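Student: Could you walk me through this one while I have it open? I'd like to start with a turn and then go wherever the questions lead.

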Amino acid sequence: MNALIRRLFFKDRKIKTFLITRLHENEVEEKVFLKKDGYQIDITKHHGMICLDPFCVAAWLSAEQLRQFDTETAKIQFKKQGKLNASIKVSLIEKIATTNGALLLYKIEKVKSYQLNPLHRLVFFAYLLRSKKNTYYSRRVISALYSYPRSIIIVSYQDEEYCNIFPMDIHAHIPEEGLYILGLRTTNVTLNKILEAKKVVVCDTNQVDINTVYDLGKHSSTSPTPKEQLPFGTADSELFGFPVPDFTGSYKEVEIIHNKKMGYHMLMVGKVVNSKIIKQNTSSFYHVGFLQFQKSNYKSVEGVY
């Protein structure tokens with residue numbers, strides 16, 4: 001029955017929460033807007049997920065935008081070529097003042113999807129994607145959040161006795177402020193080490209296969225694979241001396257200046273103290289929600305993950 005329904009509604013495609021593609025940043029076709037009372041602000045390059053339990057996002061607004069916008073409640077809309085794909089209603093948790101504006105931490109309250117048609121969405125969320133590990137509501141929120149492609153980065157940390165290199169997609173760069181935000185699981189052993197040292201390096205996934213990236217996410221943070229046994233070479237970052245994979249086209253060294261436990265994830269806000277471009281015109285892997293992927297021109301990257 002499952003195969004028949006999948007064939008009828010999704011042409012027998014393998015059902016996943018999201019698919020993976022490789023893109024240059026300028027190839028991302030979707031946009032994200034913060035909207036309130038008919039006034040909207042493009043936050044495409046100024047927002048990011050920060051926690052998945054409860055669901056929280058962050059958005060940065062300039063001082064001028066803050067003067068024109070009531071930030072207490074709003075909607076975040078995900079669009080492509082002007083067409084609405086998903087919308088989430090958010091309420092403000094905290095406003096963190098920055099040099100040129102503020103970082104707004106929001107909790108997601110409601111979600112609405114617009115991709116494909118209502119019957120496709122019902123079959124997808126209620127039947128094909130069902131799981132005891134998550135709820136109908138959480139599946140809809142995840143789909144909405146990933147209706148905007150989320151780039152996969154490599155995080156690197158090292159001290160005298162410990163080294164861990166792992167992937168994540170809960171992050172955002174705010175170039176106007178020189179800030180980088182990361183949402184790391186509180187169960188990750190590396191988290192406390194990063195918070196104590198207040199240092200981390202984030203790298204792109206420019207020239208690497210997806211299986212290598214996902215394998216990095218499978219090793220235990222308690223005893224990660226030794227650097228010497230990794231299937232790629234590394235070089236030391238310029239300031240911190242943390243290992244940078246040889247497939248990386250660029251990296252940023254970040255000093256953590258603020259952190260807040262959001263739930264299952266710890267929000268870390270950092271100041272970019274060094275940006276290094278190793279190669280020009282780099283690309284990265286991206287996670288894109290299954291429904292969003294169906295109407296895109298993105299090419300799926302397959303692997304054992």
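Tutor: Let us begin with a hairpin that E2 and E3 form with two residues between them, where Asp37 in the turn has a positive phi of about 50°. The model is predicted, so local features need pLDDT of at least 70 and side-chain atom pairs count only at pLDDT 80 or more, while totals for chains, interfaces and linings use all residues. Residues are numbered from 1 along each chain as its sequence is written, and side-chain values use heavy atoms, with hydrogens and water left out.

Student: How many bridges join E2 to E3?

Tutor: Four bridges join E2 to strand E3 (residues 39-42), and the two run antiparallel, with Lys35 standing opposite Gln40 in E3. Strands (E, at least two residues) and helices (H or I, at least four) are DSSP runs numbered from the N terminus, and two strands pair if DSSP finds at least two bridges between them.

Student: And which residue stands opposite Glu30 in E6?

Tutor: Glu30 stands opposite Lys80, in a pairing where E2 and strand E6 (residues 73-80) are antiparallel over six bridges.

Student: Why is E2 largely enclosed?

Tutor: Strand E2 (residues 30-36) is largely enclosed by the rest of the structure because five of its seven residues are buried. Buried means under 20% relative accessible area, exposed means over 50%, and partly exposed is in between (1.4 Å probe, protein chains only).

Student: Switching to the other hairpin, what do E17 and E18 have between them?

Tutor: E17 and E18 form a hairpin with three residues between them, and Gly263 in the turn has a positive phi of about 150°. Strand E17 (residues 250-261) and E18 pair in the antiparallel sense over eleven bridges, with Glu255 opposite Lys271 in E18. Strand E18 (residues 265-277) also pairs with strand E13 (residues 179-185), again antiparallel, over seven bridges, and there Ile181 stands opposite Val269.

Student: What about H4, is it mostly covered or exposed?

Tutor: H4 is mostly covered, since eight of its ten residues are buried, among them Arg139, Arg140 and Ile142. Tyr136 also lies in helix H4 (residues 136-145), but Tyr136 counts as partly exposed because its relative accessibility is 36%.

Student: Which patch does Tyr136 form part of?

Tutor: Tyr136 forms a nonpolar surface patch with Leu119 and Leu122, with about 280 Å² of accessible area together. Patches are made of residues with over 30% relative accessible area and no salt bridge, like charges being joined within 9 Å and nonpolar side chains (Val, Leu, Ile, Met, Phe, Trp, Tyr) within 5 Å. A salt bridge is a side-chain nitrogen of Lys or Arg within 4 Å of a carboxyl oxygen of Asp or Glu, and accessible areas come from the Shrake-Rupley method with a 1.4 Å probe, only the protein chains shown counting as cover for residues.

Student: Charged patches next: which residues gather in the positive one?

Tutor: Lys11, Arg13, Lys83 and Lys295 gather in a surface patch of positive charge. Arg13 lies in the loop between helix H1 (2-10) and strand E1 (18-23), and counts as partly exposed because its relative accessibility is 35%. Lys and Arg count as positive and Asp and Glu as negative, with His and the chain ends not counted, and the place of a charge is taken as NZ of Lys, CZ of Arg, CG of Asp or CD of Glu.

Student: And which residues form the negative patch?

Tutor: Asp159, Glu160, Glu161 and Glu196 form a negative surface patch. Asp159 is in the loop between strand E10 (153-158) and strand E11 (163-168).
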